[in-house]
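Dear colleague,

I am handing over the structure below, and after it you will find my notes on what was found. Please read them with the model open beside you.

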Amino acid sequence: MTAASFMDLALKAAENAGKSGEVPIGCVIVRDNAVIASAGNRTLTDRDPTAHAEMLAIREAARAVGSERLVDCDLYVTLEPCAMCAAAISFARVRRLYYGAADPKGGAVDSGVRFFASKTCHHVPEVYSAVGEREAAILLREFFKARR
């Protein structure tokens, strides 16, 4: 599969989260060209402010590989990760991060605090932005438009 194909799966997880009333953000984690974890946001459902798609997928992937280190894994997420998720990606030693839409207000990779550029960041994944950006942005725009 290609990066676009894996992002399509993350977009599907985002759509499902949106149908549940959650902010439509989805994430998949891939190892050896196979999806080992998939999640959409569940902060409202779980009543857990840390239940971002990335955090849930990282937990699932760590269980799947039997290690807290995801050194040979790639993470695909529909929105630029926040500081919490960027830190988790770093601590998990994710190999590559692919994200869809930029998040100028809450993102922490290429926006905001730029977590991976910090001297205190222990591991920096390869970062690929704007993968599925248009589709991810439309999902988010439609979701918030319906709530206004």
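Cysteines

The sulfur of cysteine 27 lies 8.3 Å from that of cysteine 85, the closest cysteine sulfur, and this is too far for a bond, a disulfide being defined as a pair of cysteine sulfur atoms within 2.5 Å. Cysteine 82 also has its closest cysteine sulfur in cysteine 85, at 3.8 Å, which is again too far for a bond. The structure accordingly holds 0 disulfides. Cysteine 27 is buried, with a relative accessible area of 0%, and cysteine 82, at 18% relative accessibility, counts as buried too; here buried means under 20% relative accessible area, exposed means over 50%, and partly exposed lies in between, with a 1.4 Å probe and protein chains only.

Please keep in mind that this is a predicted model, in which local features need pLDDT of at least 70 and side-chain atom pairs count only at pLDDT 80 or more, while totals for chains, interfaces and linings use all residues. Residues are numbered from 1 along each chain as its sequence is written, and side-chain values use heavy atoms, with hydrogens and water left out.

The sheet

An open sheet of 5 strands runs in the order β2-β1-β3-β4-β5, and its pairing is mixed. Its edge strands are β2 and β5 (126-128), each of which pairs on one side only, and the twist from one strand to the next averages 15°. For the terms, helices (H or I, at least four residues) and strands (E, at least two) are DSSP runs numbered from the N terminus, two strands pair if DSSP finds at least two bridges between them, and the angles run from 0 to 180 degrees between N-to-C directions of axes that are lines fitted to C-alpha atoms, for helices over the stretch in contact.

Strand β1 (residues 26-31) pairs with strand β2 (residues 34-40) in the antiparallel sense over 6 bridges. Within this pair, arginine 31 has alanine 34 as its bridge partner in β2, and isoleucine 29 stands opposite alanine 37 in β2. The two strands form a hairpin with 2 residues between them. Aspartate 32, in the loop between β1 and β2, has a phi near 50°, a positive value in a residue other than glycine, and it is exposed, with a relative accessible area of 66%. As background, most residues other than glycine have a negative phi.

β1 also pairs with β3, in the antiparallel sense over 5 bridges, and in that pairing valine 30 stands opposite aspartate 74 in β3. Strand β3 (residues 73-79) in turn pairs with β4 in the parallel sense over 5 bridges, where the bridge partner of aspartate 74 in β4 is arginine 96. Both of these strands are mostly covered: 7 of the 7 residues of β3 are buried, as are 5 of the 6 residues of β4 (residues 96-101).

Two loop residues

Glutamate 80 lies in the loop between β3 and α4 (83-91), and at 2% relative accessibility it counts as buried. The C-alpha atoms of glutamate 80 and isoleucine 25 are separated by 9.8 Å, although these residues are 55 apart along the chain. Arginine 114, found in the loop between β4 and β5, has a phi near 50°, again a positive value in a residue other than glycine, and it is partly exposed, with a relative accessible area of 46%.

The largest pocket

The largest pocket has a volume of about 320 Å³. It is lined by 15 residues, of which Val23, Ile25, Asn41, Leu79 and Asp103 lie nearest its centre, and the lining divides into 7 nonpolar, 4 polar and 4 charged residues. A pocket here is an open set of points on a 1 Å grid over the protein atoms alone, where a 1.4 Å probe fits and protein lies on both sides within 12 Å along at least five of seven lines, and lining residues have an atom within 4 Å of a point. Grid points are joined across faces, edges and corners, and a volume is the space filled by probe spheres set on the points. Ala, Val, Leu, Ile, Met, Phe, Trp, Tyr, Cys and Pro count as nonpolar, Asp, Glu, Lys and Arg as charged, and the others, Gly among them, as polar.

With best regards
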